[in-house]
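Biologist: I am new to this structure and would like a close look at how one part of it is put together. Could you begin with how its helices meet, and then go on to the strands around one place in the sheet?

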Amino acid sequence: MLEFVEVKNEAGDERVARLAEWIWRDHYGAILGDGQIGYMLDKFQSAAAVGKQRSEGYRYFLVRDSGAPIGYFGAKPDGENYFLSKLYLVKPARGKGVGKTCLSYIEELARAAGCKAVTLTVNKHNAGSIAVYEHLGFTVYSDGVVDIGGGYVMDDFYMKKELQ
């Protein structure tokens, strides 16, 4: 049974960071080099970074299946949109409807926050995730290349799903 447990302290930040390390190295190895993965984990997914993001209004949730952590997501209201900054699942959880369940929960959070749409960014070379998002009603509305420092960029599609 899936459950969503909100991260509210440093111990939770550490759990997210450990999951991020595992998931990112497994999933992004074919898309990004080790250097960029390490840089992004440190800058955006370390326990300190997650704690800072929470202090800026992001809500992080651990995704658990029968008590075992299988992923996490982070999101926050951004005007009329609910920005899904991160949604990552361990490999064994992918392709089983977990992402769909997560996105349904995120849509509930967005509605509760008074938002009219969910937005996200996704790496242009992350074909599997793009296909999932499109299947679940997201459409690409723009794209961009953002310099994140360290000689690295994020080359992303910006996607949106209007809420009913």
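Modeller: In this predicted model, helices α2 and α3 are oblique to each other, because their axes cross at roughly 40°, and an angle counts as roughly parallel only under 35 degrees and as roughly perpendicular from 65 to 115. The two helices, α2 with residues 34–45 and α3 with residues 47–55, have axes that come within 5 Å. On the α2 side the contact is made by Asp42, Lys43, Phe44 and Gln45, and on the α3 side by Ala47, Ala49, Val50 and Gln53.

Turning to the strands, β4 (residues 81–89) is largely enclosed by the rest of the structure, because seven of its nine residues are buried. Strand β3, which spans residues 68–78, runs antiparallel to β4 and is joined to it by eight bridges, with Phe73 standing opposite Leu87 of β4. These two strands form a hairpin with two residues between them, and there Gly79 takes a positive phi near 65°. Strand β5 (residues 117–123), by contrast, runs parallel to β4 and is joined to it by four bridges, and here Tyr82 stands opposite Val118 of β5. Between β4 and β5 in the path comes helix α4 (residues 98–112), and the three elements together make a right-handed β-α-β unit.

Conventions
Residues are numbered from 1 along each chain as its sequence is written. This is a predicted model: local features need pLDDT of at least 70, side-chain atom pairs count only at pLDDT 80 or more; totals for chains, interfaces and linings use all residues. Side-chain values use heavy atoms; hydrogens and water are left out. Buried means under 20% relative accessible area, exposed over 50%, partly exposed in between (1.4 Å probe, protein chains only). Two strands pair if DSSP finds at least two bridges between them. A crossover is right-handed if, with the strands pointing away from the viewer, the path from the first strand over the helix to the second runs clockwise. Axes are lines fitted to C-alpha atoms, for helices over the stretch in contact, and angles run from 0 to 180 degrees between N-to-C directions. Angles under 35 degrees count as roughly parallel, over 145 as roughly antiparallel, 65 to 115 as roughly perpendicular and the rest as oblique. Contact means heavy atoms within 4.5 Å.
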